[in-house]
Amino acid sequence: MADSAQVAPPKRRLNNAFQNLMSLHWWMALAYLILFVGGTFMAQLPREVSFRPGFYDFHKSIGILTIGLLLGRVLLLFRVWWRKYSRRLPKLSTHWWRVFLLHSSLYGFMIVVPVTGIFLSNSVRPNNVKFFGIVVPELFPQNSEMVDLGRGLHFWFSYSFLVFVIAHAIDQWKVVRALWRRWTGFWKKSSSNNSKTALK
């Protein structure tokens, strides 16, 4: 009894760390969905549209937010890995390497995409990146000759990232399908309850 009582708490801490990691995973997924959809939309806006600057500021704010979330996620990931692999190393199978390389690429894109966005914005003019109204210190000097390079890097890294996200979704298709069924079931149940309430 004493031995099992000693073993249980680390297991709960591991579960908590993993749950926090997955929570950050989905918050970041939502943030990147906003970035992809919003970025595609705002790129088509004419310059004379009044809300265009505000849209760009919001896009940059979400980009800065993803960097902060990524730092927290990496710390949690190392914590989970330490607890998981400190006693037993993983079996370095072909499947393990494939998953490791895919996830490493995703983490790389998660930092490169917002950083290239900052590079583009800093190249255009000083104090061009704000986090919900707060000016972010410049990481790169203003340089009009670098604008096209920054725009190209941000564009290609963004869509390369999207390709890897799709590959990740295919790799985790069972999880995606289960979540889709859960959400559709939830909405169907919610709609049914609303219809019954309206009929009363």
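**Asn128 and its surroundings**

Asn128 touches Lys60 and Ser121, leaving aside residues up to four places away in sequence, where contact means heavy atoms within 4.5 Å. The model is predicted, so local features need pLDDT of at least 70 and side-chain atom pairs count only at pLDDT 80 or more, while totals for chains, interfaces and linings use all residues. Residues are numbered from 1 along each chain as its sequence is written, and side-chain values use heavy atoms, with hydrogens and water left out.

Me: Why is Asn128 called buried?

Reply: Buried means under 20% relative accessible area, exposed over 50%, and partly exposed in between, with a 1.4 Å probe and protein chains only. Asn128 has a relative accessible area of 7%, and therefore Asn128 counts as buried.

Me: What makes the phi of Asn127 worth a remark?

Reply: Most residues other than glycine have a negative phi. Asn127, which is not a glycine, has a positive phi of about 50°, and Phe132, also not a glycine, has a positive phi of about 50°.

Me: Where does Asn128 lie?

Reply: Asn128 lies in the loop between α3 and β1 (130-131), and the place of Asn127 is in the loop between α3 and β1, whereas Phe132 lies in the loop between β1 and β2 (134-135). Helices (H or I, at least four residues) and strands (E, at least two) are DSSP runs, numbered from the N terminus.
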